[in-house]
Amino acid sequence: MEIRPAAATDHEAIRDVAEASLDASYSHAVDDDTREQALKAWYDPDTVADRLDDDATAFIVAIEDGSVVGVVQGEVIEGPDLVGRIDWLHVDPKRRGEGVGSSLLSRIEQRLREQSVDVIEGRVLAANTAGGDFYVSHSFSETTERTVEIGGREFTERRYRKRYDGEEPTLSSFETDAEQLYIATDERERGSAGPFYPAYTDTDRNDRYGYVCGPCNSTDVGMDPMGRLECSDCGNARKPTRWDAAYL
């Protein structure tokens, strides 16, 4: 099996693997229209081309007998911690259990660590138990969980992290005119102009307030049913939510 950087010519094969992987992992939990929206948002030709040209993005494929059998993509998110976030890891359902996912994870960890990240993070819907088990089996620790909205439905998303600096993440205090908030700088979401930070009303991160826009510190941040974030004050925007597929 060959593990190599993805190329623009891999686009159709990548989308095919992603579609089969999402169907196998989430057909029981996420409806057909929502899965199709995710494919369109993440794997249309222009989006793939943009990510391949982004120096902060790692986009890697697994090749067997000339065919793409797996793909992993992630990016570096700057902030108080330098985070290498794994956005998606897809394996052809017919090739699961053969170590494809482990090989891809090892390569993207190497690629992200070359950029001196402090931590590598993956997020998986609780409905995908295999995804969470996969991370734990590769020395990631489950840290927090949150509720995300996808296609008008609420799901529990779990976060798995592997730190390399030995330090624990902290919360930053943030005051609005109405109340005291706590900003989770280690849960940042990459936006077009800068990061968004989840805001909580308690230090245990049980009561989610919303998001704070990093570039302008506004709390006027909206989210659509696919998880797109947009700041009403400065226009900073985040692409749709990813909900990782299967890792086997």
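Biologist: What joins strand 9 to strand 10 (residues 196-200)?

Modeller: In this predicted model, 2 bridges join the antiparallel strands 9 and 10. Two strands count as paired if DSSP finds at least two bridges between them, so strands 9 and 10 pair. Tyrosine 182 stands opposite tyrosine 200 in strand 10. Strands themselves are DSSP runs of E with at least two residues, helices are runs of H or I with at least four, and both are numbered from the N terminus.

Biologist: Which limits apply to the model and its numbering?

Modeller: Residues are numbered from 1 along each chain as its sequence is written, and side-chain values use heavy atoms, with hydrogens and water left out. As the model is predicted, local features need pLDDT of at least 70 and side-chain atom pairs count only at pLDDT 80 or more, while totals for chains, interfaces and linings use all residues.

Biologist: What makes strand 8 (residues 171-175) a partner of strand 9 (residues 180-184)?

Modeller: The two run antiparallel and are joined by 5 bridges. In one of the pairs, serine 172 has isoleucine 183 in strand 9 as its bridge partner. Strands 8 and 9 form a hairpin, with 4 residues between them.

Biologist: Why is helix 2 called oblique to helix 3?

Modeller: Helix 2 (residues 32-43) and helix 3 (residues 45-52) pack at about 45°, and their axes are 5 Å apart. Angles under 35 degrees count as roughly parallel, over 145 as roughly antiparallel, 65 to 115 as roughly perpendicular and the rest as oblique. Therefore helix 2 is oblique to helix 3. The axes are lines fitted to C-alpha atoms over the stretch in contact, and angles run from 0 to 180 degrees between N-to-C directions.

Biologist: Which residues of helix 2 and helix 3 meet?

Modeller: Ala41, Trp42 and Tyr43 of helix 2 meet Pro45, Thr47, Val48 and Arg51 of helix 3. Contact means heavy atoms within 4.5 Å.

Biologist: How do you know that leucine 52 is partly exposed?

Modeller: The relative accessible area of leucine 52 is 26%. Buried means under 20%, exposed over 50% and partly exposed in between, with a 1.4 Å probe and protein chains only, so leucine 52 is partly exposed. Leucine 52 lies in helix 3. Not counting residues up to four places away in sequence, leucine 52 touches Ala6, Ala7, Ala8 and Phe59. The C-alpha atoms of leucine 52 and alanine 8 are separated by 7.5 Å, although these residues are 44 residues apart along the chain.
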